[in-house]
Amino acid sequence: MQTQVVIIGGGPAGMLFAEMLHQAGIDSIVLEQRTREYVQGRIRAGLLEEGSVHLLRATGLGARLDREGHPHHGSMIAWAGRSRFFIDTWKHTGRRMTTYGQTEIQQDLFDAADRRNARFIDEALDVRPMDAATDHPYVTFNKNGEAFRIDCDFIAGCDGFHGVSRASIPLSAIKFFEKDYPFGWLGVLSETPRLPDVVYANHPRGFALASGRNPMLSRYYVQVPMGDRIEDWPDERFWTELKARYPKEIADAIVTGPTIEKSIAPLRSFVAEPMHYGRLFLAGDAAHIVPPTGAKGLNLAISDVFYLSRALTTHYRDGTDAGLDGYSSTALRRVWSAARFSWWMTQLLHRFPGMSDFDQRAQESELDYLSVSVHAQASIAEQYAGMPLEGT
Ligand code: RFL
Ligand code: PHB
């Protein structure tokens, strides 16, 4: 087979990249190791920056997002026994946030791919990017026991944190920056009315988060120790723990019910530099992971593929490679800004094992400061709303 760009990974980064390339008249093939149904069923992110909503709209993916997404003016932070404050992105930046599930975006992307008869190959096993350091890269894989090869101009590694793309880069050509957190998030989805606001909570029992997918579908998270398993968290224990971490009036407003999905995700910060090796370019979770506290992972995946599609568009249209040469440094500026913000939100809102009394007071003092300082609130709102894309 032959194409201009082989995209490894059919998650949001890979599928959106294929759509953006198609709009620019650039041909691609997406290789996904799982089944389409599996990719579709994964429950993950929910909160979109306004810039991400604009990019999705500009790529023809706005219709259902505009109908069913829930735009709002920011999120609330509550902490034990104190007043709450609102991260008002609308007041401080004129930008809104939108809750719209990653599952829905994935569905919209598959629908768009179907409409244009895109080449999307799922259950592609043993995918290998080859000769990325040369002008003639190619990718090999197996499907249904048969071996295939695709010759291409470029390879896009959109295969998430555990993918093969980053792992194929020689260690002498890439540097990793990592930080692990000593806890995870237990997330549940429940067909119960969501709270009117997204509410983050810092409590002596640990962090909690209330979000939603639609008026009758709520999404909640609680911080859990490393090593906890789903079986440790029957529904009743989950709801009791969640409510215990919110001030009474918020806890009373939470409607409980059976959960329809439950999963535990570890929290991690990770950045790979540079985000390319020869003609292999990394985008999304393949290149970086942020803890979900800042709601940035999916938004970064979207901005990465925007930058990369713009660079490839000028490569094919004008024959200039300045965009490709600058892709990594341009993308990394936004990545590091989000990585720093996500790390900061994580240390502000979680209880860390072994935290000293001093650490505890310092955290409380920072929350107190945030709740009274309009300057501090403007700064957090600006970062939460998302920094603007360069060159737009
Ligand atoms: P994905 O979604 O992991 O997709 C990668 C795809 O590549 C496939 N793959 C391979 N295919 C072929 N060959 C191989 N060798 C392959 N290896 C892997 C995989 O099967 C998969 O289909 O990465 P992508 O596209 O970069 O998208 C990133 C986002 O999924 C991620 O950043 C967000 O979900 C993070 N995130 C959030 N981001 C936000 O912007 N806002 C949020 O509110 C938010 N909340 C969250 C989150 C992530 C969470 N978890 C579970 C970590 C909440 C949670 C709980
Ligand atoms: C979500 O709705 O899943 C969500 C919202 C905010 C976050 C993380 C996840 O920071």
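Colleague: How many residues surround ligand 2, and which are the closest?
Modeller: Ligand 2 is surrounded by 13 residues, the closest being Tyr200, Ser211, Arg213, Tyr221 and Pro292; a residue counts as near if one of its heavy atoms lies within 4 Å of the molecule. This is a predicted model, in which local features need pLDDT of at least 70 and side-chain atom pairs count only at pLDDT 80 or more, while totals for chains, interfaces and linings use all residues. Residues are numbered from 1 along each chain as its sequence is written, chains are lettered from A and ligands numbered from 1 in the order in which they are written, and side-chain values use heavy atoms, with hydrogens and water left out.

Colleague: Which atoms lie 2.8 Å from an oxygen atom of ligand 2?
Modeller: One is a polar side-chain atom of Arg213, and another is a backbone N or O atom of Pro292. For Ser211, a polar side-chain atom lies 2.6 Å from a ligand 2 oxygen.

Colleague: How much of ligand 2 does the protein cover?
Modeller: On its own, ligand 2 has 280 Å² of accessible area, and the protein covers 97% of that (Shrake-Rupley method with a 1.4 Å probe).

Colleague: Moving on, which residues are closest to ligand 1?
Modeller: They are Glu32, Arg44, Gln102, Asp285 and Leu298, out of 32 residues that surround ligand 1. A polar side-chain atom of Arg42 lies 2.9 Å from an oxygen atom of this ligand. Alone, ligand 1 exposes 1,100 Å², of which the protein buries 89%.

Colleague: Which element gives the largest share of that ligand 1 shell?
Modeller: Helix H9 does, with 3 residues. Helices (H or I, at least four residues) and strands (E, at least two) are DSSP runs, numbered from the N terminus.

Colleague: What about helix H7, which of its residues are buried?
Modeller: In H7, residues 235–244, the buried ones are Phe238, Trp239, Glu241 and Leu242. They lie on the same side of H7 because they cover an arc of only 165° around the axis, taken from the directions from the helix axis to the C-beta atoms. Buried means under 20% relative accessible area and exposed over 50%, with partly exposed in between (1.4 Å probe, protein chains only).

Colleague: And what is on the face turned away from that buried side?
Modeller: That face of H7 carries the exposed residues Glu236 and Thr240.

Colleague: Lastly, is Asp122 buried or exposed?
Modeller: Asp122 counts as buried, because its relative accessibility is 15%. Asp122 sits in the loop between strands E8 (119–121) and E9 (125–130).

Technical notes. Polar contact = N/O pair within 3.5 Å; in protein donor to acceptor, adjacent residues only side chain to side chain.
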